[in-house]
Amino acid sequence: MAPAVRPLIKPKIVKKRTKKFIRHQSDRYHKLKTNWRKPKGIDNRVRRRFKGQYKMPNIGYGSNKKTRHLLPDGFKKFLVHNVKELEVLMMSNRTFAAEIAHNVSSRKRKLIVERAQQLAVKVTNGNARLRSEENE
């Protein structure tokens, strides 16, 4: 097995906020899911940004442009459906890591993982749908 591919640069990823933004009154009513929805009422205190209310997401919470879309290991994801799409990563294997799409069969996955090893491309979900040989 080839040595693990390391990212070209691995900057420290700083998130401005790690907690989720939750929907106003979603704690009060079970029928309201916690997924964020912007309050639109004329008297709404969250929309009017009163002290002590939930925070609303806005552009100021955006990530640093250099670390946006980075995985914790320093790579960016690239979705791959077949071996041909994997060849694109040949020159940028220190920046992008391949992620095999969810609808790819286990037979094709084996081929993709095998070819990725030859090209020294990191695969984020290489172990998915792999059964050990002794079970077969």
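1. A residue is called buried here when its relative accessible area is under 20%, exposed when over 50%, and partly exposed in between, with a 1.4 Å probe and protein chains only. On that scale arginine 115, with a relative accessible area of 25%, is partly exposed.

2. The structure is a predicted model, in which local features need pLDDT of at least 70 and side-chain atom pairs count only at pLDDT 80 or more, while totals for chains, interfaces and linings use all residues. Residues are numbered from 1 along each chain as its sequence is written, and side-chain values use heavy atoms, with hydrogens and water left out.

3. Side chains of opposite charge can pair when their charged atoms come close. Taking a salt bridge as a side-chain nitrogen of Lys or Arg within 4 Å of a carboxyl oxygen of Asp or Glu, the count comes to 3 salt bridges. Where partners are placed in helices or strands below, these are DSSP runs numbered from the N terminus, helices being H or I with at least four residues and strands being E with at least two.

4. Arginine 115 forms a salt bridge with glutamate 87, and the closest N and O atoms of this pair are 2.9 Å apart. The pair links distant parts of the chain, since arginine 115 belongs to helix H2 and glutamate 87 to the loop between helix H1 (83–86) and E2, 28 residues apart. Glutamate 87, at 26% relative accessibility, is partly exposed.

5. Glutamate 99 forms a salt bridge with lysine 77, with the closest N and O atoms 3.7 Å apart. Glutamate 99 lies in strand E2 (residues 96–100) and lysine 77 in strand E1, so the pair ties together parts that are 22 residues apart in sequence. Lysine 77 counts as partly exposed, at 48% relative accessibility.

6. Aspartate 73 forms a salt bridge with lysine 122, the distance between their closest N and O atoms being 3.2 Å. This pair also links distant parts of the chain, with aspartate 73 in the segment before E1 and lysine 122 in the segment after H2, 49 residues apart. Aspartate 73 is partly exposed at 25%, and lysine 122 is partly exposed at 29%.

7. Two backbone angles deserve a look. Glutamine 25, which is not a glycine, has a positive phi of about 65 degrees; this residue is found in the segment before strand E1 (76–80) and is partly exposed, with a relative accessible area of 28%. Arginine 129, likewise not a glycine, has a positive phi of about 60 degrees; arginine 129 is found in the segment after helix H2 (106–119) and counts as partly exposed at 47% relative accessibility.
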